[in-house]
Amino acid sequence: MKKNTACQKPAIAIAAFLLLLSAASLFFLLAEKEETSCAADIFQNGILIRTILLDDIHEPDTFTVEGENGCVNEIEVRPGSIAIISADCPDKLCVHQGFISDSRLPITCLPNRLVIRLRPVSDSPGNAAAPDAVTY
Amino acid sequence: MSVRKTTLLALFTTLSLAIFAAESAIPPLVPIPGIKLGLANIVTLILLRQFSARDALVVLVSRILLSAFLFGQALSLLYSLTGGLCSLCVMAVVMKVLQKKLIFLTGAMGGLTHNLGQLAVAFAITRTAGVAAYLPFLILSGIVTGLFTGLCAGFAGRLLPPLPPDTV
């Protein structure tokens with residue numbers, strides 16, 4: 001592609017902006033998180049419906065969460081990790097994500113509006129949103 | 001709008017719908033909602049370059065509505081519409097600033113804003129601040145897939161014949 005001086009400056013600015021943004025994202029993704037014991041908060045429609053201390057789990061256990069439209073997610077907890085093991089949503093992305101054991105990425109089932117996120121036990125579920133806004 | 005142009009835009013809508021359908025047959029590569037190639041964006045980019053933002057908007061909205069009727073759920077309509085409109089606005093501006101050159105940069109900006117728009121909808125729907133954890137994933141994937149569709153649009157645009165005078 002032939003370079004044109006009139007569009008070179010904005011092009012460099014845009015490329016730099018994109019590079020910077022990618023670098024920042026990569027930094028966050030690769031940043032090590034300290035291993036702490038976690039509590040799993042299960043949100044439905046943004047409301048905390050259940051909290052499980054993963055350290056208190058010694059035997060694998062499953063339970064189901066039902067949504068307002070009759071949608072069902074089956075959740076399994078193991079010592080230190082949690083997963084959605086079956087769901088009636090069409091894409092099953094939440095199931096494919098498997099077990100999570102750190103607070104890096106929550107499990108989200110968008111069709112059923114279900115979010116499971118882990119937080120270090122020192123935080124309270126109420127202020128889980130606050131450090132998030134700062135970190136990301 | 002001339003008959004010729006209407007027909008051409010209808011053809012482009014069909015093309016983007018077909019691309020969209022073919023893409024939805026590909027199983028998701030990453031278990032993160034919102035990450036996909038977005039190949040139909042190639043058509044939007046080509047239209048932005050060869051025609052105008054208005055024509056791209058017409059084709060984009062038609063494609064999203066049609067795909068929602070054909071394959072989708074009501075919820076995915078909200079996501080694609082918000083993401084599509086956000087990215088179209090930004091791409092139209094960037095395309096103008098870059099004088100229709102370096103189209104892959106326009107694509108990358110479009111992919112980025114598309115994903116940001118979708119994340120905003122996800123936040124509005126789940127009302128959970130935790131969806132912000134997806135931000136770095138969505139930023140990266142938006143830029144990478146946008147670069148890819150932008151390159152595709154660049155190469156495809158070179159092969160397209162110049163438009164007949166009455167269509168512009």
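## Contacts and composition of chain A

In chain A, residues 24 or more positions apart account for 35% of the contacts with a separation of 6 or more, a contact being heavy atoms within 4.5 Å. The model is a predicted one, in which local features need pLDDT of at least 70, side-chain atom pairs count only at pLDDT 80 or more, and totals for chains, interfaces and linings use all residues. Side-chain values use heavy atoms, with hydrogens and water left out; residues are numbered from 1 along each chain as its sequence is written, and chains are lettered from A and ligands numbered from 1 in the order in which they are written.

Of the 136 residues of chain A, 38% count as buried, that is, under 20% relative accessible area with a 1.4 Å probe and protein chains only, whereas exposed means over 50% and partly exposed lies in between. The accessible surface of chain A comes to about 7,500 Å², and 57% of this belongs to carbon and sulfur atoms. Accessible areas come from the Shrake-Rupley method with a 1.4 Å probe, and for residues only the protein chains shown count as cover.

## Order of the elements

Three helices and seven strands make up the secondary structure elements of chain A. Along the sequence they follow the pattern α-β-β-β-β-β-α-β-β-α. Helices (H or I, at least four residues) and strands (E, at least two) are DSSP runs, numbered from the N terminus.

## The four-stranded sheet

In chain A, four strands form an open antiparallel sheet in the order 2-1-7-6. Strand 2 (47–53) and strand 6 (107–109) of chain A stand at the edges with a single partner strand each, so one side of each has no neighbour in the sheet. Neighbouring strands of this sheet are turned by 20 degrees against each other on average, direction ignored; axes are lines fitted to C-alpha atoms, for helices over the stretch in contact, and angles run from 0 to 180 degrees between N-to-C directions.

Strand 6 of chain A pairs with strand 7 (residues 114–120) of chain A in the antiparallel sense over three bridges; pairing requires that DSSP finds at least two bridges between two strands. T108(A) stands opposite V115(A) of strand 7 of chain A.

## The three-stranded sheet

A further open sheet of chain A has three strands in the order 3-4-5, with antiparallel pairing. Strand 3 (61–66) and strand 5 (81–87) of chain A are the edge strands, each pairing on one side only.

Strand 3 of chain A runs antiparallel to strand 4 (residues 72–78) of chain A, and six bridges join them. F63(A) stands opposite I75(A) in strand 4 of chain A, and T62(A) has E76(A) as its bridge partner.

The hairpin of strands 4 and 5 of chain A has two residues between the strands, and G80(A) takes a positive phi near 85 degrees.
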